[in-house]
Each structure stands twice: as structure tokens, then as C-alpha cells.
Amino acid sequence: MTEQPSSGKGAWPDLPPGPYGTPSPDLIRRHAEAPMEAATMPSGDRIPMIVRYADVRNLLTSPASSRNLREPGLPRMVSGTFLDDDPAALNNQDPPEHTRYRRILRGTFTPRQIERWRPRVAAIAGELLDVAGEEFDLAAAFALPLPARVICELLGVPMDRFEQFREWTDLFLSTSTAGAEARGEAFGAFMAYAAELIARHRAEPGDDLIDLLIEARDEDDRLTEDELTNMVFTLILAGHETTASMVIRGTFRLLCHPDQYAALAARPELVEAAVEEILRHEGPGGTGMLRRVTEDVEVSGGTIPAGTVVLPNLAAANHDPVVYEEPMRFDIHRFADAPPSPHLTFGQGPHYCLGANLARMELQEAFRALVTRLPGLRAQEDLAAVRWSDDGFVFRPRRLLVKAG
């Protein structure tokens with residue numbers, strides 16, 4: 001297949017994507033010669049973008065790396081979305097508030113807790129594919145409804161409310177010109193429903209994820225009502241769109257390499273390794289979140305002075321040739337036998353994604369269902385002509401037309 005540039009501006013600042021939505025070819029130059037060259041943010045600010053794996057990892061784990069960007073004059077998060085406007089959001093907090101929050105929640109998202117839900121996730125994936133038909137849009141029929149149904153079931157949210165959630169979250173995650181008033185009204189309505197959901201679970205306790213959050217505690221310290229509401233908001237907001245994007249991008253990448261899809265269908269036991277390569281090669285769908293350094297930090301490109309706002313680019317780190325052999329090559333066997341260093345798609349350090357275990361499990365069951373139920377899956381359109389979204393928090397195909405076999 002001859003590769004042609006995909007449409008859409010992509011999610012990398014100053015780094016338009018390569019063919020078929022692959023990382024920008026300019027990463028090769030940046031890794032070798034310009035590891036902290038400035039990039040232009042949606043706000044117009046020019047800030048250093050850190051691209052080497054070791055530098056990004058060190059920044060994410062450094063106590064001098066702050067997520068407090070709310071001081072006047074600082075640039076917005078790279079996404080330019082509504083997400084960085086809430087100081088109570090877990091991803092915008094620093095210690096000691098952030099440490100306390102994570103400590104209370106540490107038992108809620110353990111592998112053991114997540115494994116309890118694996119059979120139900122597998123069943124939902126199978127049900128969606130059973131009704132998808134012979135030819136369908138994988139995005140609309142499978143990738144988007146799967147994590148939506150999962151997060152709604154885990155939180156005890158009626159599915160008939162989910163379309164309302166989609167309207168709200170599309171507004172929050174968009175980098176469009178939606179007005180502050182419209183976003184504020186949607187945020188208020190969303191948070192009011194989250195509070196209502198928590199109140200209902202307090203009155204009628206069950207075994208849903210919300211019940212675990214209500215019971216989460218560190219000795220006598222529990223989440224406050226505001227913290228609970230914010231966590232439910234975060235789970236609904238991030239629990240479907242980011243996972244859906246990885247299903248869409250991962251399937252797209254596999255269909256670009258039909259031999260690898262066939263190999264996965266022949267050996268479904270490779271699903272776990274394949275998911276790690278999908279997360280490395282395709283994740284996080286954007287670049288990551290800004291950090292402000294509170295004291296001088298040394299990286300391979302020089303010294304970052306205290307007070308500087310920088311962008312540790314997770315996607316760039318995941319394609320560092322020092323860490324990954326032929327990093328632009330997609331290979332489902334990469335993490336199978338002698339795995340390389342872990343990818344940074346879920347971050348590292350204090351802000352490592354709380355939902356990483358849940359996301360991994362959902363992706364594993366999504367791709368297991370695809371390759372076992374639809375081993376002959378193939379694209380129904382020219383993959384070079386697929387239109388990609390470029391107005392939100394993540395960068396993914398808007399639709400993906402496929403045929404079952």
C-alpha cells in the first residue's frame with residue numbers, strides 16, 4: 001500500500017502527523033538535535049517541548065514538576081480544552097492535596113478490583129459485534145459504545161442518560177470556539193447529575209464503582225463530597241473518549257498492517273502484548289499536559305530554569321530511538337518476548353493515570369473480541385483517505401468503515 005498523508009492537522013503542536021496518522025517525521029530531527037525546541041501552544045505561547053524518553057520520564061517524576069498552571073500569564077494546557085479550568089481536578093493538583101487524594105483512592109483501581117469486571121466487559125464487546133452487521137462503522141458501532149456502556153455500568157448510570165453525557169463531554173473536550181458560558185452551563189449540569197448519582201448510591205448502596213469510591217478511605221480520612229463528585233465527573237469524562245480513541249486508532253493501525261491483524265487472530269494470546277504496542281505507538285492520542293518547573297531542572301538539552309512552563313511530550317517519548325528499536329515501526333510482537341522499557345502513555349510518577357488498569361483491561365477485551373469474532377476484518381475504504389478529528393483532546397479517525405470478512 002502506498003502511503004499518503006492523512007488529513008487533519010493532528011494533535012502535536014508544530015508537528016503535523018505523518019502518513020496514516022503516524023507521528024511526525026520531524027520527531028527524528030528533534031530527538032537527535034533539538035530535544036527541547038520550542039513549540040507553539042493553542043494559546044499562541046512558545047514553550048519548550050521535551051521529546052526524549054529519559055527527559056520526559058525525569059520531568060514527570062521530579063518533585064520540581066508542578067501542575068499548578070493557574071497563575072496569571074501562564075499558558076493553557078496543550079489541548080486548549082475546558083479540563084485545565086478546574087483547580088479541584090485531580091490532574092491539576094500538587095502535593096500534599098494530590099498525595100492525599102491518591103492515597104485514599106489507591107485500593108479502588110487495583111488489578112484485583114478491575115478483574116472483577118473483565119467478564120462483563122468481554123460480554124459487552126461480544127454483544128456489540130454480534131449486532132454490528134457485515135459492514136459497519138467501527139467507531140460508531142463498537143469503539144465509542146463499548147467504553148460508554150462499560151463506564152455507565154460500572155458507575156450505575158442509566159444508558160438513556162449517556163447521550164446527554166456525550167453532549168456535555170464533547171463540549172469539555174473540544175478545542176472549538178464554544179463560549180465560556182455554554183461550557184460553564186454544561187459543567188454545572190454535569191456536576192449536578194454526578195452529585196445526584198452519589199446521593200442515590202448513598203441511599204441505596206450497591207457494588208458499583210461509585211460505591212467503592214464512597215467507601216474509599218485512608219484510616220478515618222475519606223473523600224469529601226466535592227472530591228467524590230469531581231472523581232465521578234472525571235471518570236465519566238475520561239473513561240470513554242480516551243479508551244474509545246485507542247480502540248479506533250489501534251484497529252486502524254492493525255488494518256494498515258493486515259498481516260499483523262491476521263497474526264493476532266491466529267494467536268489471540270498475543271493480545272496483551274499487542275495492546276501495549278498500540279498504547280505505545282498510538283497513545284496517548286495527544287501530547288500530554290504542561291508542567292511548570294519550580295526549580296532549575298537539568299535535561300539532556302540543557303537547563304530548564306525555575307518558573308518555566310514546558311510540555312513533556314508523551315507521544316514523542318514513546319518514539320525515542322534510544323529506547324525503542326525502529327520506533328516508527330508498528331509491531332505487535334515488540335512487547336511479547338523481551339519487552340523494552342515501559343511506554344509513557346499513562347504518564348509516570350505522581351500523576352500516573354489512576355484508570356490505567358481499567359483502560360488496559362477494556363482494550364484487551366475489545367481487541368480479543370475483534371480478532372476472535374471477526375478474524376477476517378478488513379477496511380471498506382481507502383485508509384489513506386480516512387478523515388481524522390483535529391478539534392478535540394485526542395486525534396483519531398472520525399469513522400472507520402470495515403467489513404467483517
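Start by selecting helix α1, residues 26–33: L27, R30 and H31 are buried here. The three cover an arc of only 100° around the axis, which means that they sit on the same side of α1. The model on screen is a predicted one.

Keep α1 selected and turn to its other side. I28, A32 and E33 are exposed there.

What covers the buried residues of α1? Among the covering elements are strand β1 (38–40), strand β2 (46–50) and helix α14 (314–317).

**Stop at H31**

Show the residues around it next. With neighbours within four places in sequence left aside, H31 is in contact with V51, R52, A316, H319, D320 and P321.

**Move to α5 and α7**

Select helix α5 (residues 118–130) together with helix α7 (residues 145–155). The two pack at an angle of about 140°, and their axes are 10 Å apart. That angle makes α5 oblique to α7, since roughly antiparallel is kept for angles over 145 degrees. The crossing in which α5 passes α7 is right-handed.

Which residues of the two helices meet? On the α5 side, select R120, V121, I124, A125, E127 and L128. On the α7 side, select P145, L146, R149, V150 and E153, which those α5 residues meet. Colour the contact by class: seven of its residues are nonpolar, four are charged and none is polar.

**Finish at S389**

Where is S389? Select it in the loop between β11 (378–379) and β12 (401–403). Is S389 buried or exposed? With a relative accessible area of 8%, against a cut-off of under 20%, S389 is buried although the element it belongs to is a loop.

Show the contacts of S389 next. Not counting residues up to four places away in sequence, S389 touches V394, F395, R396 and R398. Then pick R399 and draw a C-alpha to C-alpha distance from S389: the two are 9.4 Å apart in space and ten residues apart in sequence.

Key: Residues numbered from 1 in each chain as written. Predicted model: local features only at pLDDT ≥ 70, side-chain atom pairs only at ≥ 80, totals over all residues. Heavy atoms only, no water. Axes fitted to C-alpha atoms, helices over the stretch in contact; angles between N-to-C directions. Helix = DSSP H or I, 4+ residues; strand = E, 2+ residues; numbered from the N terminus. Parallel < 35°, antiparallel > 145°, perpendicular 65-115°, else oblique. Left-handed = near helix turned anticlockwise from the far one by under 90°. Contact = heavy atoms within 4.5 Å. Nonpolar A, V, L, I, M, F, W, Y, C, P; charged D, E, K, R; others polar. Buried < 20%, exposed > 50% of the residue type's maximum accessible area, 1.4 Å probe, protein only. Arc of directions from axis to C-beta.
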